[in-house]
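Here are my notes on this model. Please keep the structure open as you read.

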Amino acid sequence: MGILFRRSKRLEVQIDEYLDLIVKGGLVFKEGVKFYLRHQHADFESHLEQLSDIEDQGDRLRREIETSLYSHTLIPESRGDVLGLLENADRVLNRMAETLMQFSVETPEVCEEFVSFFADLADFSITAAEGMVRAIRAYFTDLNSVRDYVNQVQFYRKETNKMAEKLKREVFSRQLRLSHKIHLRYFAYHVELIAEEAEDVCDRLAIATIKRYV
């Protein structure tokens, strides 16, 4: 991250650690969903707890970074963009934690024929979030690579949307109670939102990158 942080090694390390937490959160989310789909409830709850801890760590670290950026007037020319990126990236991590919590609270009944759809949906969505992290890291280290990673995020966001639509069509084509269909659609929508939020961060990142070139 040397481009922006030549005078603040500590801040560079903090941002790196924060991005590591998002990647870790995504992996825990994916495994948590798989455990839920396999009815391994103890393992699922353990992953939910891990993800909640990661979210708390992320919140604390993000506040420390914000304080460092303001109180020490570090990288003043890019401070607003960095803050905006971190705050929006935080929504992605929060979305993962909230969605896994909703699985725990509402315990949607996922029929066997929809299990692979939900697993693939979670995979695509988290792959988009991982691409978002790579794009943010590139913003600090290699501006020329940002566009490539942003394109990857856009690709996986579209794949997520396609999988979500396929799942919803399958759900509504089956002989199930309407309330059951709506409940499954609700969960598909919330997993899909992780990729949507990741793409929103990349939209902001693309603008911030252009500003760095000017």
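1. R174 and E170. I start with a salt bridge between R174 and E170, whose closest N and O atoms are 2.8 Å apart. R174 has 28% relative accessibility, so this residue counts as partly exposed. E170 falls in that class too, because its relative accessibility is 25%. Bear in mind that this is a predicted model.

2. E165 and R169. Another salt bridge joins the side chains of E165 and R169, at 3.0 Å from N to O. Both residues belong to helix α5. They sit four residues apart, about one turn of the helix. E165 is partly exposed, with a relative accessible area of 43%. R169 reaches 58% and is therefore exposed, since the cut-off is over 50%.

3. R157 and E199. Which helices does this salt bridge tie together? The side chains meet at 2.7 Å, N to O. R157 is in helix α5 and E199 is in helix α6, so the pair connects parts that lie 42 residues apart in sequence. Are these two residues buried or exposed? Both R157 and E199 are buried. That puts each of them under 20% relative accessible area.

4. The salt-bridge tally. How many salt bridges does the model hold? The count is 16. Some residues are linked in a network: D59, R62, E66 and D90 are joined in this way by salt bridges.

5. The nonpolar core. The largest nonpolar core has 66 residues. I22, F29, M96, F114, F118, M132 and Y139 touch the most other members. Six helices each supply at least two residues of this core: α1 (9-37), α2, α3 (79-106), α4 (115-141), α5 (143-173) and α6 (178-213). Which helix gives the largest share? That is α4, with 15 residues.

6. A negative surface patch. E45, E49, D53 and D56 gather on the surface as a patch of negative charge. D56 is part of helix α2, which covers residues 41-71. With 37% relative accessibility, D56 counts as partly exposed. Patch members need over 30% relative accessible area, so D56 clears that cut-off.

7. I182 is located in helix α6. Its relative accessible area is 37%, so I182 is partly exposed.

8. Backbone at H39. Most residues other than glycine have a negative phi. H39 has a positive phi, near 65°, and is not a glycine. Where is H39 placed? H39 lies in the loop between α1 and α2. At 54% relative accessibility, H39 counts as exposed.

9. Backbone at T107. T107 also is not a glycine, and its phi is positive at about 35°. The residue sits in the loop between α3 and α4. T107 has a relative accessible area of 49%, so it is partly exposed.

Definitions and conventions:
Residues numbered from 1 in each chain as written. Predicted model: local features only at pLDDT ≥ 70, side-chain atom pairs only at ≥ 80, totals over all residues. Heavy atoms only, no water. Patch = residues over 30% accessible without salt bridge, like charges linked within 9 Å, V, L, I, M, F, W, Y side chains within 5 Å. Areas by Shrake-Rupley, 256 points an atom, 1.4 Å probe, with all protein chains shown as cover. Salt bridge = Lys/Arg side-chain N within 4 Å of Asp/Glu carboxyl O. Lys, Arg positive; Asp, Glu negative; His and termini not counted. Charge placed at Lys NZ, Arg CZ, Asp CG, Glu CD. Buried < 20%, exposed > 50% of the residue type's maximum accessible area, 1.4 Å probe, protein only. Core = buried A, V, L, I, M, F, W, Y, C linked by side-chain atoms within 4.5 Å.
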